[in-house]
Amino acid sequence: MSPTLVIARLTVREAVRRRLVAAFGVITVLLAALSAWGFDRLSHARNVTSGEVHVAIPQSLIVFMFMFSFVVALSASAMASPSVSTEIESGILLAVLTRPVRRSEVLLGKWLGLAGVLLAYSVVVSALEVGIVDLVSGFVPPDPVGAALYLFGEGAILLSVTVLLSTRLSAIATGVVAVALFGAAWLAGVVGSLGTLFKIGTLRSVGEVARFLLPTDGLWHGAIYALEPRSFVAQRLSQSSAAAGNPFFATAPLAWPYLVFVGAWFVLVMAAALYSFERREL
Amino acid sequence: MSLARWAEPAVPEGAGSVGGAQGADAGRESPAIHTTDLRKHYRGTTALAGLSMTVRRGEVFGFLGPNGAGKTTAVKLLLGLVRPSGGEAMVLGAPAGDRETRRQIGYLPELFRFPGWLSAREVLFLHCRLLGLARETHPAAVGEALETVGLAPRAGDKVGTFSKGMQQRLGLGVALLGAPALVILDEPTSALDPVGRHDVRRVVLDLRRRGATVFLNTHLLEEAQQICDRVTVIDRGRAVATGTLAELLGGVASVRLRVSGLARTWWAGLTGFGTFSAAGEWVVAEGIAPGAVPDLVAAIVARGGRVEAVVPEHRTLEERFLELLAAP
Ligand SMILES: Nc1ncnc2c1ncn2[C@@H]1O[C@H](COP(=O)(O)OP(=O)(O)O)[C@@H](O)[C@H]1O
Ligand SMILES: [Mg+2]
């Protein structure tokens, strides 16, 4: 087995042993049960028209998935912020890095292990939510797999940033910065939407720039589009321009150049993380 | 007494007469460790100020110095964990930090931890994998390491429940995996009880029997004295002396003698043994070559003297150590 896989396996084992996976499980079951109850109330409400329900169900699904995207992204930074710095401080890495392994293999192994946990979590949560909604209301989003992957993508982006920061900053500092960046990126997305709505160029460009600096909110819009019924998008768009200002609404799928950019962004951040770790003195 | 000769590169005994053979030997097997003017500066501190030393293959080499002398820094440089500010270091014939060479090196760090959620056995298996040992050899290697460091009864326990001393034992076991040619131990007994210290001594001597080289960082003179073939004394980032401990302790002996039946200055014809001076009814003979004390006594007797008493002038390890450290 290559050293990268040895470390990846070790990282996954740590997530299981230290009850991270169990915590994910408990939280997910609780939240999913809550959402099941909510969706059931919504679709059987007497004072709501069926047309309204058709709009409300997908919107609620998106809001729930938004919450899960928060869980995924914050978990990514919580898991990854001690991954390098704390292990350097405690001396865990001394024994590992004096073996015939490359530092890059160790770092990539950690990334892979954590990314694997996030991917599994994203897929399980998406399947659970989509399944619940289907069961209760019969609504199936157009692209559930895409939604799960975008959810994971958000986590993976935050994971990479956190790993990069963790090669230099303490766990606490890394966590704080990573969460702040994630929050700022989301807020910038909302500001951008408002800019679009009120036709304020500077605000709109804040959103645009942020999409490129930290593409979490960009990917979140991909997830939204994957969850929206297509008819609903067309209808909303024809009705008013106000829809474009809704942070839980996406007018179009992510353009492929943007996805290419996100790929390049990944490569760049991981390269920076590897370089920084390679240069780090222990 | 001059310390300069201890700082000279070590030449194996009798090597002078077999220069050709030695040359061939050197070509086939490089020294275990060879550094030239190795330096490391941190912001504001000089941790290592030009270290030149050679550790021969198969010897137990002590790196002896007080806290903050630069011992750990030197070891980290040898392993490529930190980059040198200057100078050069070769380990097992390759530049320090070379990845493939690390396969043959076992390292017990000074301050370290293993993941607390792994059991001792799992830590050892992990390191077998990181070393790339053939899979079918793992169980035997792990079992042997556990036996050697006395952790077999606790093999299944989580490392997080281990005392510092037990962690250190496990660290030693990890350093022994894969039959390394060079084992670097950084203060291996710092957390160990007397039994543990004894065990470390046994492990080191086993390693030497197997032909491995051991590089031992320690601030404990006693430890160095008990197990090291040669030592370098390091202080403030500088090697102040190198040699066997017997040499460092004054390879030359001093004795006090009480002799009767001869003239007052009976030593006049014996100055080849050393320097003599009267001190009351005693005579102090200094600078006697190792093993020459019996010869001196025999010579006195041959001259008709009666040797009433011979008292070795003890210079303790500590005294000598402090003397070395005080040297400019
Ligand atoms: N990472 C570091 N940053 C700054 N100074 C350091 C660092 N590591 C070691 N030093 C300094 O270098 C000197 C030698 O340290 P060290 O090699 O650990 O000594 P020893 O192992 O002999 O006790 C000390 O003065 C120490 O404070
Ligand atoms: Mg030290």
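Is B:Glu110 buried, partly exposed or exposed? B:Glu110 is partly exposed, at a relative accessible area of 25%. Buried would be under 20% and exposed over 50%, using a 1.4 Å probe and protein chains only.

A word on the basis. This is a predicted model, where local features need pLDDT of at least 70, side-chain atom pairs need 80 or more, and totals for chains, interfaces and linings use all residues. Side-chain values use heavy atoms, without hydrogens and water, residues are numbered from 1 along each chain as written, and chains are lettered from A and ligands numbered from 1 in written order.

Next, the interface. Chain B brings 31 residues to the contact and chain A brings 27. Contact means heavy atoms within 4.5 Å. Together the chains bury about 2,900 Å², with 56% of it on carbon and sulfur atoms. That is accessible area (1.4 Å probe) lost on being put together, summed over both parts. B:Leu81, B:Trp117 and B:Leu130 supply 27% of what chain B buries against chain A, more than any other three residues.

Last, charges. Three salt bridges cross the interface of chain B and chain A. The rule: a Lys or Arg side-chain nitrogen within 4 Å of an Asp or Glu carboxyl oxygen. B:Glu122 pairs with A:Arg13 in a salt bridge, closest N and O atoms 3.2 Å apart.

Methods. Buried area = accessible area lost by both parts, 1.4 Å probe.
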